[in-house]
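Subject: Handing over the structure

Hello,

Please take over the structure below. My notes follow it.

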There are 2 protein chains.
Amino acid sequence: MIEDLVDRLRLLRTPGIGPVTFRQLVMRFGKPAAALSAVPDLARRGGGKAPQLCTRNDAEREISRVDKFGGRFLALGQGLYPRLLGELEDAPPLLIAKGDLNLLDKQAVAIVGARNASAAACRFARGLAHDLGQSDIVVVSGLARGIDSAAHDGALATGTIGVVAGGIDVFYPPENEERQTALCERGLVLAEMPPGTEPRARHFPYRNRIIAGMSSGTVVVEAAPRSGSLITARLAAEAGREVMAVPGSPLDPRAQGCNQLIRDGATLVQNAADVIEAIRVPLGIVRAPPSPYEPAEELNGDDALGLVEELLGPSPVPVDEIIRLSGAPNGAVQMALLELDLAGRLERHAGGKVSLRPA
Amino acid sequence: MIEDLVDRLRLLRTPGIGPVTFRQLVMRFGKPAAALSAVPDLARRGGGKAPQLCTRNDAEREISRVDKFGGRFLALGQGLYPRLLGELEDAPPLLIAKGDLNLLDKQAVAIVGARNASAAACRFARGLAHDLGQSDIVVVSGLARGIDSAAHDGALATGTIGVVAGGIDVFYPPENEERQTALCERGLVLAEMPPGTEPRARHFPYRNRIIAGMSSGTVVVEAAPRSGSLITARLAAEAGREVMAVPGSPLDPRAQGCNQLIRDGATLVQNAADVIEAIRVPLGIVRAPPSPYEPAEELNGDDALGLVEELLGPSPVPVDEIIRLSGAPNGAVQMALLELDLAGRLERHAGGKVSLRPA
């Protein structure tokens, strides 16, 4: 079991292997260890240099660091890994968790919003989180200032999960050290990045997909147009989860993001009862959890690589189109894409599109 | 022409003849004069006393009173009568108007809301009315305190119509005398009740159906749950018009009516552009204006009356069901209902239902 974790970690921490590539590799090769051994050859076949694999030593060092901190790893497709999160195409292959893992079994709702929210909105978020907690719903948020902090505070007694953008042992913002520590003890903290990672701007959208992905629905409380909270809402919608927003006066600029969300189809919510009503429907029709790693397809078509390479250009095209145009079996095309990916020559875009990186 | 108006007015001011009965009578008898002569017999056939017809004298007195005030009558199905309003099943057979009748040709939007609205909401309503006016949209409201007054003020320069619950020459609330007079001079005031009528509680829902009925859409700005503004919104929805609401914070009790409307499907609007976008669609697919008085059907089935009477009881039933159960032609059943109605023995309910009044 620990061997499998070492392999997973080595594969995941190897430069150029993101969640989607990780998933493709494990789907092709069945086991992380097999994928790991195949990576150098795949990259060379794709026309690039073999990536510097993460060493066993580095992986073991990370595991012992997490262990020392009192955290543990959750692997996609195994045991306690958050079920709804596992449905995302780019679900994190590994999460680092510290706190009460029982919270992962309960239905969760995300509450997110502006860092500089009004005092009234923060009070509202705290009350909403408290009331949802009373209905045995776990409140998920991002441990940021403003709405996030208020939401965690309101649900601390009943169950709340904070997802951080950096490492599990990094406190950000610094004034939240006490709150993050409290969540490690009485709630749960989750991180995708390795311990010690200082959060950077690019980490926050990844963090947001975890918040939205593990929750039945996301409630946005006071958000400016084009804010991170609206990204979380979009990610929730893309994952087929309920998007909810708390309205405000058109005269209040801080309400514009939420009002626009409602115009775009989000459900207007005013209290916990509204939230519970909104998330009840999708739960009733939820599909059986798919296995994140489908059995590897039979490999086939050694010359698919050249074909796929010819079909690709600098403009993103859907993978489905490549499969159709190439006439090659799905498995062969996916393998060719993997090879190009590992060679650093493929770029993956939103909506399952891919393009070739200029040489 | 004046003769026809006298007949219409006599028919309409006869006790027990409301807008639906009026329409049925004119549909049956083609002309108001013919309907008027038929009323006593119809009532007797229905088993009641002949109603006290409004006299020619009384009708002429009302006409000269309206004339002296500078007003004029608008008859359903003729000339300047508001086209959208004419589509209602219970459209007023006659309206009394004073002011700029050209405003009736333009697209109209209703803005309604609480009498005791916040200063911010009143400022918002005034601004919204002003901006709609800039887009050549006439603003309709009810000349009440609060939101109504603010909406009229905002659109006074571009075109606004006030619908009053009482007589056209009665100022209600009294402090609105100046505003109502301004609308008579620079806008338009409409009334359904005879001149001199002091508005009573029961008049306001009738007034509200005119506001909603003559407008492409109704915008509700700050309304308490179970308020008159929500009745107007419901009437607008029933007439197939766009219902719009301005959101507010859940912490503001005055926003609850509007937020609930949005949850129930009203369009969230934050500005004039949102309103114009919302009303554009229904206008594109608007149907040709129906003639309010269809040609009288051939009368038939003298014994339909007894049949219909047997089928009716104290519980409201749909007219369609009576027609189906009786097996009599539609025209004969409608005639029997008219007779019972004029005899004071029929009660008409919402949704086209009827019941027999206990003897």
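Is Arg263(A) buried, partly exposed or exposed? At 23% relative accessibility, Arg263(A) counts as partly exposed. The classes are these: buried is under 20% relative accessible area, exposed is over 50%, and partly exposed lies in between (1.4 Å probe, protein chains only).

Some ground rules. This is a predicted model, where local features need pLDDT of at least 70, side-chain atom pairs count only at pLDDT 80 or more, and totals for chains, interfaces and linings use all residues. Residues are numbered from 1 along each chain as its sequence is written, chains are lettered from A and ligands numbered from 1 in the order in which they are written, and side-chain values use heavy atoms, with hydrogens and water left out.

The interface

Contact here means heavy atoms within 4.5 Å. By that rule, 20 residues of chain A touch 20 residues of chain B. About 1,500 Å² is buried between chain A and chain B, and carbon and sulfur atoms give 61% of that. Buried area is the accessible area (1.4 Å probe) that two parts lose on being put together, summed over both. In chain A, the residues that lose the most area to chain B are Pro250(A), Arg263(A) and Gln270(A). Together they make up 41% of what that side buries.

The rule finds four salt bridges across the interface of chain A and chain B. A salt bridge is a side-chain nitrogen of Lys or Arg within 4 Å of a carboxyl oxygen of Asp or Glu. Arg263(A) pairs in this way with Asp274(B), with the closest N and O atoms 3.3 Å apart. That pair runs from helix H10 of chain A to helix H11 (residues 272-284) of chain B. Asp274(B) counts as buried, at 10% relative accessibility. Arg263(B) has a partner too: its side chain meets that of Glu277(A) in a salt bridge (3.3 Å, N to O).

Eight residue pairs between chain A and chain B are in polar contact, both residues at pLDDT 80 or more. A polar contact is a pair of N or O atoms within 3.5 Å; within protein, one must be able to donate a hydrogen and the other to accept it, and residues adjacent in sequence count only if both atoms are side-chain atoms.

On the side of chain A that touches chain B, helix H5 (119-134), helix H10 (256-263), strand S9 (267-268) and helix H11 (272-284) each supply at least two residues. Helices (H or I, at least four residues) and strands (E, at least two) are DSSP runs, numbered from the N terminus. H10(A) gives the largest share of that side, five residues.

Salt bridges within chain A

Over all chains, a search of the whole structure finds 44 salt bridges. One of them joins Arg65(A) and Asp169(A), at 3.3 Å between the closest N and O atoms. This pair links distant parts of the chain, 104 residues apart. Arg65(A) sits in helix H4 (residues 56-69), and Asp169(A) in the loop between strand S5 (160-164) and helix H7 (177-186). Arg65(A) is partly exposed, at 43% relative accessible area.

Glu238(A) and Arg234(A) also meet in a salt bridge (2.8 Å, N to O). Both lie in helix H9 (residues 228-238), four residues apart, about one turn of the helix. Glu238(A) is exposed at 58% relative accessibility, and Arg234(A) is partly exposed at 45%. Elsewhere in H9(A), the buried residues include Leu230(A), Ala233(A) and Leu235(A). The buried residues of H9(A) pack against several elements of chain A, among them strand S3 (108-113) and helix H8 (203-213).

Backbone points

Most residues other than glycine have a negative phi, and most peptide bonds are trans. Leu143(A) has a positive phi, near 55°. Leu143(A) is in the loop between strand S4 (138-141) and helix H6 (147-155) and counts as buried at 1% relative accessibility. Arg226(A) also has a positive phi, near 60°. Arg226(A) is in the loop between S7 and H9 of chain A and counts as exposed at 80%.

The peptide bond between Tyr172(A) and Pro173(A) is cis, with omega about -10°. In chain B, the bond from Tyr172(B) to Pro173(B) is cis, with omega near -10°.

Best wishes
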